[in-house]
Amino acid sequence: MRRSLAPSQLAKRKPGGDGSGEDEDWCPEATPKRQKRNTKTDIQECYSSPFRKPLTQLTNRIHCLDSSKHEAFIRSILSKPFKVPIPNYTGPLGLRALGIKRSGVRHALHDPFEEGALVLYEPPPLSAHDQLKVDKDKTPVHVVVDPCLSRVLRPHQRVGVKFLWECVTSRRIPGSHGCIMADEMGLGKTLQCITLIWTLLRQSPDCKPEIDKAIVVAPSSLVKNWYNEVGKWLGGRIQPLAIDGGSKEDIDNKLVGFVNQRGRRIPSPILIISYETFRLHAEALKKGSVGLVICDEGHRLKNSDNQTYQALNSLNTPRRVLISGTPIQNDLLEYFSLVHFVNSGILGTAQEFKKHFEIPILKGRDADANEAGRQKGEERLKELINIVNRCLIRRTSDILSKYLPVKIEQVVCCRPTPLQAELYKYFLMQAKPAEDLKEGKMNVSSLSSITSLKKLCNHPALIYEKCVE
């Protein structure tokens, strides 16, 4: 019978075994030709490989001890939650988990039931019977503003953000994706628009981003201000691209790179550009689509014949927001191009608007109009205001009175110094005669003289060069 030559089995067959029955037929006397030798030496010489040393016998106790330590070490590593390897990072972990597919009902990006949460959209309630039939992969979710922004929004700003979101998502006016924000200065129009952009870039009722890119068009003096505001309110969560100058080739390359961005993680989803630069390089942006366009100081677009209006109107984007601090409701006829820009179908074409609204309203305002013409003009004006108010929001600075301290004005009169008084009298002697001033012969030199006198009252050093002349 063939026996195993493994070292462990050879050790069991050594003489003087415990008689456990394993290889009981083996006996050294059964082989008279072989002399009795030491079993350990016999194993090493006959059955050990000449190319390696024999294995060392390990006790079960040591093996189990090492194995338990190793398993405990591995278990301690796997039980730790994932942590972003950035010092002091407190942001979200991202849109997707690391290699783990979400299962079950979809959830909102932020908790809609948290205290102070700003909920822009709430799914319709479902009965118990409908919940059994609903498709979990198509269930709408809450749209909640990021808590880092909702915590700093004032009550009127929360209302403004909800208004903007409902307009650009066509929930306020079906088929319309634009609006006009005409709040007065100081009410935080920039912050409200940044909140809108960030919400659209991150979430929607379909549990995915509503848009992938956004463009902010502003005067050249406000490009840097927009860039700083985005960094202030969003921190390092996003990196905008600001363009307000440079060579034509460099700007075109940046704009083409911005338009060609694709995927879930776009490096620079916000473009901030001046009106002049946009007008000169609009062709580069027409090669792709943009989810949202915001026009700051949008009242400059009230003339639909200028090149900037035409360039913006030809941009492939469904959502448009105009920011203007001037009252638009009082001059609806003049600002028809603005309303038509954000909502092209709400007032019809220019010819339809002129026939249905402009001509009756102007005839009703005429001094020679009869009572029927005035009444018809007022009716058409009210109809126009009701239509525009659905996509227009305007608040005055009176709502800030509860946030600002009481205004106190103090007027302090300071007598001029002897030097100022002497220079003032000498300057008047060199001015034009009083008769010329009474006749209204004010010229450029007279206006500059008034400016020089203002500087003299502030400090004589401001007119030192004039005194030398």
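Leaving aside neighbours within four places in sequence, which residues is Pro460 in contact with? The answer is Leu419, Gln420 and Leu423. Keep in mind that this is a predicted model.

**The chain overall**
- You're looking at 19 helices and nine strands.
- The chain runs to 469 residues, and 33% of them count as buried.
- Take the contacts with a separation of 6 or more: 72% of them come from residues 24 or more positions apart.

**Helix α7**
- Helix α7 covers residues 189-202, which makes 14 residues.

**How α7 packs against α8**
- Two packed helices are described by the angle between their axes and the distance between the axes.
- For α7 and helix α8 (residues 223-234), the angle is about 65° and the axes are 10 Å apart.
- Their crossing is right-handed.
- On the α7 side, the residues that meet α8 are Thr190, Leu191, Cys193, Ile194 and Trp198. On the α8 side, they are Trp226, Glu229, Val230, Trp233 and Leu234.
- Sorted by class, that contact has eight nonpolar residues, one polar and one charged.

- Asp183 sits in the loop between β3 (178-181) and α7.
- Its relative accessible area is 0%, and the cut-off for buried is under 20%, so Asp183 counts as buried.
- The Asp183 side chain reaches the backbone nitrogen of Arg395 at 2.8 Å.
- Not counting residues up to four places away in sequence, Asp183 touches Lys189, Gln192, Ser324, Gly325, Ile393, Arg394 and Arg395.

**Back to Pro460**
- Pro460 is in the loop between α18 (444-458) and α19 (464-468).
- Is Pro460 buried or exposed? With a relative accessible area of 18%, and buried meaning under 20%, Pro460 is buried.
- Leu423, one of the residues in contact with Pro460, is 37 residues apart from Pro460 along the chain. The C-alpha atoms of Pro460 and Leu423 are separated by 8.4 Å.

Definitions and conventions
Residues numbered from 1 in each chain as written. Predicted model: local features only at pLDDT ≥ 70, side-chain atom pairs only at ≥ 80, totals over all residues. Heavy atoms only, no water. Helix = DSSP H or I, 4+ residues; strand = E, 2+ residues; numbered from the N terminus. Expected span 1.5 Å × (residues − 1). Axes fitted to C-alpha atoms, helices over the stretch in contact; angles between N-to-C directions. Left-handed = near helix turned anticlockwise from the far one by under 90°. Contact = heavy atoms within 4.5 Å. Nonpolar A, V, L, I, M, F, W, Y, C, P; charged D, E, K, R; others polar. Buried < 20%, exposed > 50% of the residue type's maximum accessible area, 1.4 Å probe, protein only. Polar contact = N/O pair within 3.5 Å; in protein donor to acceptor, adjacent residues only side chain to side chain.
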